[in-house]
Amino acid sequence: MSAVATDHDHALVYPDDQLYSRITAGKLAMWLFLLSDGFSFGGFLLAYGILRGSSNVWGCTTEELVKKTGCVLEPALGINFTAALTFLLICSSVTMVLSHASMVEGDRKGALKWLGLTILGGALFLVGQVWEYWGLFGLFGPHHGLLHEGLKFGASHYATTFYAVTGFHGLHVLTGVIYLSTVWVFTSMGKTDANTLEVAGLFWHFVDLVWILVFTFIYLIPN
Amino acid sequence: MSDLAKEEKGVTKSHGPEDHGHDDHGHGGHGHHAPDRKEYWRIWVVLLVLTVLEVGVAYLEKYIGKTALVTCLVGMALGKAAIVALFYMHLKHETKWMRWTVVIPMLFPALYAFILIAEGTYRAIWGS
């Protein structure tokens, strides 16, 4: 008799733990990683709050402030465009969870379709962030990017924290797109199961969850 | 898909902790709860509505005052984050212990933030 229990698909069957039930090692490991990552974002947002709360001028975005304090004019952050990016991430979260649902139901093709849409959403978010920073060389309108408009890393706490927090989040989106693309390839080869998609989904939803907070603290709360 | 086929795929019907052999077990790990697509789309709508409300509230600074505005925005953001964690990250279906394992550590950054805000407010009112 084998020492390791498996189900009909020869997947590991985890023991029914009294406290954590049948949670898989991969899922628990992902949760622990996300907790540590959550602390990183928590540290960033706390530093942001401390710097913002202790500054006299947060974002020298009007001529009035320039005249009053002598600060260097900086661009204001666009709410509407970033709201569209938020919409994109929320859509990619529902497609991710639908991909997992399809896999649970044994519909691998459906899982691939929804996972592909999730990857597309993440990629579009990254394009949007690049457009916000650099303006994509004048494509998609007259916007030339925040860097071109004078929001320079290191020029002010407003600028530095903006790039530090949104850049760190953007790296997570990039990681997520690469991670999900890898999962997509392995899923198309039949080498994944519902647990693989659930674990990958945990990372992706975390990226969405963090963006919800970043969007509020960085973009929505007025100066 | 028949119930038997679902069982073979590791799908179990979503039921309350009282249906389980232990006190408060959910359905973590390979015992996937049956996905509820309608619920996923309902959550999507709720997240969209809250996002639209957030953006709307952000433009109301002149009318509702900054303290009320920040409270509204942070409240809605925390609500959205909780919804994502509960429904999309399936915390709702995990065991009580798993939920606390996630929630308790995350309370610490919130506690630090509260202390910093309290300290900042104290200095602003009574001086350094």
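These are my notebook entries on what I looked up in this predicted model.

**Entry 1: the contact between the chains**

I began with the contact between chain A and chain B. I found that 58 residues of chain A and 54 residues of chain B take part in it.

I noted one in which R37(B) pairs with E105(A), with 3.1 Å between the closest N and O atoms.

**Entry 2: the side of chain A that touches chain B**

I asked which helices of chain A each supply at least two residues of the side that touches chain B. I recorded helix 1 (25-54), helix 3 (79-104) and helix 6 (194-220). Helix 3 of chain A gives the most to this side, with 15 residues. By residue class, I listed 34 nonpolar, 15 polar and nine charged residues on the side of chain A that touches chain B.

**Entry 3: helix 3 of chain A**

I then examined helix 3 of chain A by itself. Its 26 residues reach 38 Å from the first C-alpha to the last, close to the 38 Å expected at 1.5 Å a residue. I also checked burial: 21 of the 26 residues of helix 3 are buried, so this helix is largely enclosed by the rest of the structure. Just after helix 3, I noted that G106(A) has a positive phi of about 85°.

**Entry 4: helix 4 of chain A**

I made the corresponding check on helix 4 of chain A, which covers residues 108-134. Helix 4 has 27 residues and spans 38 Å from its first C-alpha to its last, close to the 39 Å expected at 1.5 Å a residue. I found that G135(A) follows helix 4 and that the phi of G135(A) is positive, near 80°.

**Entry 5: T161(A)**

Is T161(A) buried or exposed? I recorded a relative accessible area of 9% for T161(A), which is therefore buried, the cut-off being under 20%. Leaving aside neighbours within four places in sequence, I found T161(A) in contact with Y48(A), L51(A) and W58(A).

Methods:
Residues numbered from 1 in each chain as written. Chains lettered and ligands numbered in written order. Predicted model: local features only at pLDDT ≥ 70, side-chain atom pairs only at ≥ 80, totals over all residues. Heavy atoms only, no water. Helix = DSSP H or I, 4+ residues; strand = E, 2+ residues; numbered from the N terminus. Expected span 1.5 Å × (residues − 1). Contact = heavy atoms within 4.5 Å. Salt bridge = Lys/Arg side-chain N within 4 Å of Asp/Glu carboxyl O. Nonpolar A, V, L, I, M, F, W, Y, C, P; charged D, E, K, R; others polar. Buried < 20%, exposed > 50% of the residue type's maximum accessible area, 1.4 Å probe, protein only.
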